[in-house]
Amino acid sequence: MSIEKVARLAGVSKATVSRVLNQHPGVRPDTRDKVLAAINICDYQPNLLARQLRTSQSHMLLVLISDITNPFCSRVVQGIEAEAEAQGYHILLCNSASQFHRESAYLSLLTGKVVDGVITMDAATCLHELQPLIGDAPWVQCAEYDPAIAASSVSINNKEAAYETVRYLADKGCRRIALVNCDMRYLYSHQREAGYRAALEELDLPFNNVAYAETVSCEAGSQALQTLLAGSERPDAVFAVSDVLAVGVVHAALEAGLRVPEDLAVVGFDGISFTGSLNPPLTTIEQPMNQMGARSVQLLVKRIRQPHSDVVHEVLPWKRIERASS
C-alpha cells in the first residue's frame, strides 16, 4: 500500500503523511488523527530504508547479550524492548555467548547505519575488545560495565547488596556462610564476592568458603553445593550470586536430606518471579530488571539525539525479598 493512497484517503498531501510518519511536531492533532486512521485502514507499512536514507537514522537499536536463556537477561530485554517501542525504535537482539566473532559481525551494522546505537550486556572483561568496533557510536553498558570506557552505564551496587546479604544471614544466627559464585569474567561476580568477603571480615566470621559454578544453571548450583558439603565443615547458609544457582542449591540440599532453612539457609540474587513459587520460596536480592532495560534505552536515545550529552553512570536501587528459604 502506497503513501499516495493514504494521502488520498485522509484528504491531505503526501508531505503531510510523511510528517506524521516522522512524528513532526508541526501537524494539527485533527489532521494527525485523520492520517493515522487512514494508515490503519490501509494497513500501510512505511519504507524503512527510504526513511533511513532521508534521516540518516534507522530507528533500530542493537542489543548484545551473553545468554538469552538466563532469566535475568530475558527480563532486562523485556524492559529494553518496551521502552524502545515507546521511543519509536525497534531492537535487534544478538545472543553472543561472549563470542567475539558474533559480536564483531553484529557491530559492523553500526558503520553501515543499519542500527543507531548499541546496548551491551556482555561480560565486563569482553567490553574493551568491543570498544574499537563501537568507536564513537552511541553506547550504553547495561548491568555489566567497564568504568574505563567513556560510555554510560546502568547497574546496581552489587558489592553493597552482597555485603548486606551476609549481614542479614548473620543476624539470623548463621555463622558458616558459604558463597556460590560463577564466571569471573563478569564484574558482578567480582563485586558480589568482594561484598561477601568484606562482611565476613567485619563480622569476624572465620568460615570463608566459595564454590565456583561452571555455568549459571540449576545443575551447576547443585554441583556447587555438593562440593561445599564435601568439605571438612558444612555451611549453615549459602548465598548464591544468581537465583538459578540458588534453585540448584536448594534442590541439592533437599536431596541430601537437609532442611531449608533449618539446616541450611539459602539466598539467591536477581528476583526472578518464579522463585516465589518454589518450596520453600526463595529469599532473593531483587534487581530492577525492567527498569535497568528501560533506563538503558532512555540514555541511549538521548545520546543518539544529543551526541555530546554527558556520560552517565546510574546506580539503581536493589531490595531484599525475604521468604521461607532463610
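1. A quick convention before we start: two strands pair if DSSP finds at least two bridges between them. Helices (H or I, at least four residues) and strands (E, at least two) are DSSP runs, numbered from the N terminus. With that in hand, Ile 65 stands opposite Asn 95 in β2, and 6 bridges join β1 (residues 60-65) to β2, the two running parallel.

2. Please keep in mind that this is a predicted model, where local features need pLDDT of at least 70 and side-chain atom pairs count only at pLDDT 80 or more, while totals for chains, interfaces and linings use all residues. Residues are numbered from 1 along each chain as its sequence is written, and side-chain values use heavy atoms, with hydrogens and water left out.

3. β1 and β2 belong to an open sheet of 6 strands in the order β2-β1-β3-β4-β5-β11, with parallel pairing. At its edges stand β2 (90-95) and β11 (313-316), each with a single partner strand, so one side of each has no neighbour in the sheet. From one strand to the next, the twist averages 20°.

4. Helices pack on this sheet too. Helix α6 (residues 100-111) touches β1, β2 and β3 (117-121), where contact means heavy atoms within 4.5 Å. The direction of α6 makes about 160° with that of β2; axes are lines fitted to C-alpha atoms, for helices over the stretch in contact, and angles run from 0 to 180 degrees between N-to-C directions. Helix α12 lies across β1, β3, β4 (139-142), β5 (152-156) and β11, running at about 165° to β5.

5. α12 (residues 289-305) also packs against α5 (residues 71-86), at an angle of about 45° and with the axes 7 Å apart. The pair is therefore oblique (under 35 degrees is roughly parallel, over 145 roughly antiparallel, 65 to 115 roughly perpendicular, and the rest oblique). Residues in this contact include Phe 72, Arg 75 and Glu 83 of α5, and Met 289, Asn 290 and Val 297 of α12.

6. The other open sheet also deserves a look: 6 strands in the order β7-β6-β8-β9-β10-β12, with mixed pairing. Here β7 (209-212) and β12 (319-321) are the edge strands, each with a single partner, so one side of each is left without a neighbour in the sheet. β10 (residues 283-286) and β12 run antiparallel, joined by 3 bridges, and Thr 284 stands opposite Ile 321 in β12.

7. Lastly, helix α11 (residues 243-255) lies across β6 (177-181), β8 (237-240), β9 (265-270) and β10, running at about 160° to β9.
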